[in-house]
Amino acid sequence: MPLFFSSKFAPLIPRLRRLSTAAATAAGDNPKLSRIADDLLALSSSELDDYSTLMRLKLRLSLTSSPAAGVGPGVAGDAASGSAGAEEAAAVKTAFDVKIEKYEAAAKIKIIKEVRAMTDLGLKEAKELVEKAPVVVRAGLPKEEAEALAAKLKAAGASVALE
């Protein structure tokens, strides 16, 4: 491991190594799990950041939340502050989801066209997505972009919420 390992994951590496050893023992030396754990431990700090982002996208988690929430030693002291930290986190929301709550039947075609324009979906996929309302159309957008998309959908006849 490099001397200047300045990633946000640096405090987690020793714990991951212990967990990797414990998991290999508990899993009965499952070679697949051991290989995955070893591959993760061999990643550089930039690769760990990329991997973290990829897993958050695959699991549909917020990209702005802390990757080590609840794991670090200083978190217990932060949790004691209670709702003050939660209020600050809610006030500094940077990623928004555009959600179609409901729509007018007469405006369905216009809404499908807007959904196709803002996503890379085909006609069939966009139609199925709109018909599933309430549904999130785009997730993790900056506030300005989310508001612009919401305005377009409202103009087309949809009832839209930003989450």
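Mentor: With Ala139. This is a predicted model, and in it Ala139 counts as exposed because its relative accessibility is 54%. The cut-off for exposed is over 50%.

Trainee: Which element does Ala139 lie in?
Mentor: Strand β2.

Trainee: And what does Ala139 touch, leaving out residues up to four places away in sequence?
Mentor: Phe96 and Asp97.

Trainee: How far is Ala139 from Glu163 in space?
Mentor: The C-alpha atoms are 8.9 Å apart. In sequence the two residues are 24 apart.

Trainee: Zooming out. How many helices and strands does the chain have?
Mentor: Eight helices and three strands. Along the sequence the pattern reads α-α-α-α-α-β-α-α-β-α-β.

Trainee: What share of the chain is buried?
Mentor: 22% of the 163 residues.

Trainee: Now the largest nonpolar core. How many residues, and which have the most contacts inside it?
Mentor: It has 21 residues. Val98, Ile100, Ile111, Val115 and Leu153 have the most contacts inside it.

Trainee: Which elements give two or more residues to this core?
Mentor: β1 (96–103), α6 (108–118), α7 (123–131), β2 (135–141), α8 (143–156) and β3 (158–162). α8 gives the most, with five residues.

Trainee: Pick Val98. What does it touch beyond four places in sequence?
Mentor: Its contacts include Val135, Val137, Leu141, Leu149, Leu153 and Val160. Arg138 is also one of them.

Trainee: Switching to helix packing. At what angle do the axes of α6 and α7 cross?
Mentor: Roughly 120°, and the axes come within 9 Å. The crossing of α6 past α7 is right-handed.

Trainee: Which residues meet there?
Mentor: From α6, Lys108, Ile111, Ile112, Val115 and Arg116. From α7, Leu123, Ala126, Lys127, Leu129, Val130 and Glu131. By type, the contact has seven nonpolar residues, four charged and no polar.

Trainee: Stay on α7. Which of its residues are buried?
Mentor: Ala126, Leu129 and Val130. They sit on the same side of α7, because they cover an arc of only 95° around the axis.

Trainee: What covers them?
Mentor: β1, α6 and β2 are among the elements covering the buried residues of α7.

Trainee: Last one, on contacts between residues at least 6 apart in sequence. What percentage join residues at least 24 apart?
Mentor: 63% of those contacts in the chain.

Key
Residues numbered from 1 in each chain as written. Predicted model: local features only at pLDDT ≥ 70, side-chain atom pairs only at ≥ 80, totals over all residues. Heavy atoms only, no water. Core = buried A, V, L, I, M, F, W, Y, C linked by side-chain atoms within 4.5 Å. Buried < 20%, exposed > 50% of the residue type's maximum accessible area, 1.4 Å probe, protein only. Helix = DSSP H or I, 4+ residues; strand = E, 2+ residues; numbered from the N terminus. Contact = heavy atoms within 4.5 Å. Axes fitted to C-alpha atoms, helices over the stretch in contact; angles between N-to-C directions. Left-handed = near helix turned anticlockwise from the far one by under 90°. Nonpolar A, V, L, I, M, F, W, Y, C, P; charged D, E, K, R; others polar. Arc of directions from axis to C-beta.
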